[in-house]
Amino acid sequence: MKKDLPQSLDSLDINRWEQILGNVALIEFCKDLVWAVRVKGVRTGLKDFNAIISGLSRTGKSMCIRFTMKCIGCFDLNFETLVPCGRCMSCKTKQYRSGNRGWENWCSILSPEDAPTPIEYHYAPVDCTTLDKDKLARLVFDLEANEDSLNIVYLDEIHRLTSRNMDEQLLIPMESYEAIWIASSAYADRSDGSNRKPLEKMLLNRFTHRLTTQKPSVDELVIWLAERCERLGVTVEDPRTTLGLIAQRSDRIPGLAQQVVDKVSKKRDKTLTRKILDQHVFDFDDGQIFNAGTDE
Ligand SMILES: [Zn+2]
């Protein structure tokens, strides 16, 4: 009998740390953060957790942070393994890139029966592509209104702020409000040969941790792709070779590699053939193909 298949790709959200490919240092940081706020109950000196994560698109930056938020909000977090229960309200809340309503995913676990470290937290994902003065003012208002909570701000694609000089505008809020500020950037803190304006140095210095994503090995990615094929009911022709080629042609970027599998999973005939692979165009972000592979 055929086992139940997930309804949509969205239901393939990760629920264990092991499902995150590569990114050893980033995972370590995220686990430390979860442990500090949930197990140890840290509520002050949050600046020590400010982090900027750089790495190519689709190498797992936002995914790691979304999963971390799931752990922080979980009503029944396993304090030994730091794995969320997957069943509670917080675990089932969908975490969108730029949030649903702006100030997002508040969660309140104030009863010691619900969690050994009572916690009330607010998580604000900020899409830096669209952050303007009004949106920043609203964020500041929310931070002020929730001063007693644990506040976590995620600045997605922070490098996008530089073209509008919005990076300078963040300096004062970051200094003034007790919150954990985590930023992601598709570009590392070094020249990438373009004339892109670098992030304001003062702002960069507000981030105690500077992390870089790490790509998985071809073998790790092949195993991960094989699992994804199985979960989505995709059959692969000559799997070892085909999946190996996907890993290479995607330059070991998990988010790009999975696109081929996901595309096939939507077809009537869910067979991933060599021909489909040869015709697939890997959607490298503009310009990044030239420095792909230099982030390790
Ligand atoms: Zn949970």
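User: Is the crossing of α8 and α9 right-handed or left-handed?

Analyst: Two packed helices are described by the angle between their axes and the distance between the axes. Here we have a predicted model, and in it α8 and α9 cross in a right-handed sense. The axes of α8 (residues 218-232) and α9 (residues 239-249) come within 9 Å, and the crossing angle is roughly 115 degrees.

User: Which residues make the contact?

Analyst: From α8 come Val 218, Leu 221, Val 222, Leu 225 and Ala 226. On the α9 side, the contact uses Pro 239, Leu 243, Gly 244, Ile 246, Ala 247 and Gln 248. Sorted by class, that makes nine nonpolar residues, two polar and no charged ones.

User: And which residues of α9 are buried?

Analyst: Thr 242, Leu 243, Ile 246 and Ala 247 are buried. Seen down the axis of α9, these buried residues fall within an arc of 140 degrees, so they line one face of the helix. Arg 240 and Thr 241 are exposed, on the face turned away from the buried side.

User: What do the buried residues of α9 pack against?

Analyst: They pack against α8, and also against β7 (235-236), α10 (254-265), β8 (271-272) and α11 (274-279). Just past the end of α9, have a look at Asp 251, which takes a positive phi of about 55 degrees.

User: How many residues does the largest nonpolar core have?

Analyst: It has 44 residues, and Val 126, Ile 152, Val 153, Tyr 154 and Leu 155 have the most contacts inside it. A second, separate core has 21 residues, among them Val 222 and Leu 272.

Key
Residues numbered from 1 in each chain as written. Predicted model: local features only at pLDDT ≥ 70, side-chain atom pairs only at ≥ 80, totals over all residues. Axes fitted to C-alpha atoms, helices over the stretch in contact; angles between N-to-C directions. Helix = DSSP H or I, 4+ residues; strand = E, 2+ residues; numbered from the N terminus. Left-handed = near helix turned anticlockwise from the far one by under 90°. Contact = placed C-beta atoms within 7 Å. Nonpolar A, V, L, I, M, F, W, Y, C, P; charged D, E, K, R; others polar. Core = buried A, V, L, I, M, F, W, Y, C linked by C-beta atoms within 7 Å. Buried ≥ 20, exposed ≤ 12 C-beta atoms within 10 Å, placed from the backbone. Arc of directions from axis to C-beta.
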